[in-house]
Amino acid sequence: MSVAGATVAPMTPASSSKTGSKTATGATDENPPAAEPDEQVAGRCFGDGDPLYAAYHDDEWGVPVHGEAALFERIALEGFQSGLSWLTVLRKRPAFREVFADFDPRTVAGFGEDDVTRLLADGRIIRNRAKIEATIGNARALVALNDAGTSLDELFWSYAPDRGDGSRRASRPATWQDVPATSDASTALSKDLKKRGFRFVGPTTMYAAMQACGLVDDHLATCPVVTARA
Ligand SMILES: [Zn+2]
């Protein structure tokens with residue numbers, strides 16, 4: 001699964017590493033650290049040992065996200081994450097929000113070459129021309145989608161598994177090995193978005209976005225977030 005993910009998402013070299021199936025699971029690259037013994041004390045899926053990372057795990061990962069700017073931001077940041085650790089992206093998130101106008105799609109859609117130059121010069125973010133240009137291109141694709149009468153929110157959420165009872169997964173994964181890197185829905189969502197002009201939206205990245213935006217809830221059965229909700 002991780003190999004297939006790496007193939008369709010060439011910007012995720014980490015997913016072909018020995019931690020492949022783990023890196024591909026949503027919060028992606030941060031899973032390997034979660035496997036280190038000293039970070040299993042609190043038993044989170046990931047994030048133990050780093051307050052920012054732990055807070056992301058506790059309060060955001062798997063929690064439903066709605067709205068054009070919010071979803072655009074998640075998709076963009078998952079794209080920027082490819083090949084890096086999620087914690088790196090998380091630490092840079094405030095700067096990303098600042099330089100990308102809080103991910104307002106219409107503002108970013110209007111970015112030109114001078115903005116690309118500005119962003120490439122800003123050491124607070126991930127300075128990758130392809131990812132920056134893809135983000136601007138995705139904003140334009142999103143605006144085109146909106147102008148055609150469809151929201152990213154409805155398109156994205158149409159790929160959420162419908163179990164008919166409001167639940168977001170059939171059974172909770174016991175270990176990271178039980179968490180997929182991609183799904184039929186993430187592959188279909190990827191195809192749909194690519195058809196509409198989005199880039200850096202491979203099935204692995206989209207599965208990660210589905211986890212991050214709560215379309216699926218992949219917290220492990222032993223996770224304190226799960227046991228606290230029960
Ligand atoms: Zn968890």
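Student: What share of the contacts in the protein with a separation of 6 or more comes from residues 24 or more positions apart?

Tutor: Good place to start, and keep in mind that this is a predicted model. Two residues are in contact here if their C-beta atoms lie within 7 Å. Among the contacts with a separation of 6 or more, the part that joins residues 24 or more positions apart is 67%.

Student: How many helices and strands does the protein have?

Tutor: Reading from the N terminus, the elements run α-α-α-α-α-α-α-α-α-α-α-α-α. The secondary structure therefore comes to 13 helices and zero strands.

Student: How far is the C-alpha atom of aspartate 59 from that of valine 225?

Tutor: Along the chain, these two residues are 166 residues apart.

Student: How are H4 and H6 oriented, roughly parallel or roughly perpendicular?

Tutor: The axes of H4 and helix H6 (residues 86-99) come within 10 Å and cross at roughly 95°. Angles of 65 to 115 degrees count as roughly perpendicular. So H4 and H6 are roughly perpendicular.

Student: Which residues of H4 and H6 make the contact?

Tutor: By class, the contact has five nonpolar, no polar and one charged residues. H4 brings Leu52, Tyr53 and Tyr56, while H6 brings Leu87, Leu90 and Arg91.

Note on methods:
Residues are numbered from 1 along each chain as its sequence is written. This is a predicted model: local features need pLDDT of at least 70, side-chain atom pairs count only at pLDDT 80 or more; totals for chains, interfaces and linings use all residues. Axes are lines fitted to C-alpha atoms, for helices over the stretch in contact, and angles run from 0 to 180 degrees between N-to-C directions. Helices (H or I, at least four residues) and strands (E, at least two) are DSSP runs, numbered from the N terminus. Angles under 35 degrees count as roughly parallel, over 145 as roughly antiparallel, 65 to 115 as roughly perpendicular and the rest as oblique. Ala, Val, Leu, Ile, Met, Phe, Trp, Tyr, Cys and Pro count as nonpolar, Asp, Glu, Lys and Arg as charged, and the others, Gly among them, as polar.
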